[in-house]
Amino acid sequence: MTKDDAVLRMTDIVAKFVAFTGKRLPDDVREKIAELAGQEEEPLAKAIYQTMLKNQELAQELNRPSCQDTGAIQFFLKCGANFPYMSELSGILRESVIRATKEAPLRHNAVETFDEYNTGKNVALGIPSLFWDVVPERDDCEIYTYMAGGGCSLPGHAKVLMPGEGYEGVTRFVLDVMTSYGLNACPPLLVGVGIGTSVEVAALHSKKALMRPIGSHNPNPRAAKMEQLLETGINKIGLGPQGLRGKNSVLGVNIENSARHPSVIGVAVNVGCWSHRRGHIVFDKDLNYTIDSHSEVDF
Ligand code: SF4
């Protein structure tokens, strides 16, 4: 395969995958929504979950996005340093978003800041967002795709806590954000919490936490315990589906972290909505690919 052919092939596959993820939720999200729906007894909460299920069925049947807000597209990359298309990758991803926008179709969500015009292609300065992790000695490329909608981006907050606030301060911050803004993001929510030494580190961790599957746990047992405690606490708010009250508020709570300066804790919250359109595709060096976020892929 020539390099030009390879670029065309990868662009085609990523475009189709991005379009597909707008129409079908990942397996873990579908399973968790079904589980939470089964726990509701109030008629309104049950009816909303039934509507979500119907929405998913119709999106597939009619070949349309499952939510009108198909978001600003973000890519989280774990790419081997020896992946043969590293130099071409940012161009491939940009072009794939333009293609997906036409073919899905996706709503036009890229507005140039200050100039205030919509490009109509879902690409603009810094959109799609690319977050790179380059992995030494590997020649494959993992790509997490994400549709960052307006409502689910709205609760995003980050802060560096005052010395001495400790993990109690982290808990207070997360619960303050959830009680103030959780309602706006179409619950039940996947809550990503990032902890690190400064605000930008924590913010990136909090978004990467949303790429982790529902039901996975932070490898540190204390952090995993905090995930569980926060999940229990946020569920007690009882946001329910679409914030109209119910037994649960969240699909889960994922914490990602790194070490920190001894006197401060940087903490951030990001959330994914019930329509959490995350995909995971891995290309090998010959552009064979595997998808593990979705078991039924039809493109
Ligand atoms: S929060 Fe999610 S489900 Fe609600 S409108 Fe935004 S993208 Fe759609």
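**Exercise 1. At what angle do α6 and helix α8 pack, and how far apart are their axes?**

The structure is a predicted model, in which local features need pLDDT of at least 70 and side-chain atom pairs count only at pLDDT 80 or more, while totals for chains, interfaces and linings use all residues. Residues are numbered from 1 along each chain as its sequence is written, and side-chain values use heavy atoms, with hydrogens and water left out.

Step 1. Helices are DSSP runs of H or I with at least four residues, strands are runs of E with at least two, and both are numbered from the N terminus. Axes are lines fitted to C-alpha atoms, for helices over the stretch in contact, and angles run from 0 to 180 degrees between N-to-C directions.

Step 2. On these terms α6 and helix α8 (residues 221–237) pack at about 35 degrees, with axes 11 Å apart.

Step 3. In contact, meaning heavy atoms within 4.5 Å, are Y167, V170, T171, V174, L175, M178 and T179 of α6 with M226, L230, G233, I234 and I237 of α8. These residues divide into 9 nonpolar, 3 polar and no charged, where Ala, Val, Leu, Ile, Met, Phe, Trp, Tyr, Cys and Pro count as nonpolar, Asp, Glu, Lys and Arg as charged, and the others, Gly among them, as polar.

**Exercise 2. Describe how α1 meets α4, and classify the residues of their contact.**

Step 1. The axes of helix α1 (residues 3–21) and helix α4 (residues 86–103) come within 8 Å and cross at roughly 45 degrees. The two helices are therefore oblique to each other, given that angles under 35 degrees count as roughly parallel, over 145 as roughly antiparallel, 65 to 115 as roughly perpendicular and the rest as oblique.

Step 2. From α1 the contact takes K3, V7, M10, T11, D12, V14, A15, V18 and A19, and from α4 it takes E88, L89, I92, L93, E95, S96, R99 and A100. By class, the contact of α1 with α4 has 10 nonpolar, 2 polar and 5 charged residues.

**Exercise 3. Locate the cis peptide bond from I127 to P128.**

Step 1. This bond has omega near 0 degrees.

Step 2. P128 is found in the loop between β3 (117–118) and β4 (129–135).
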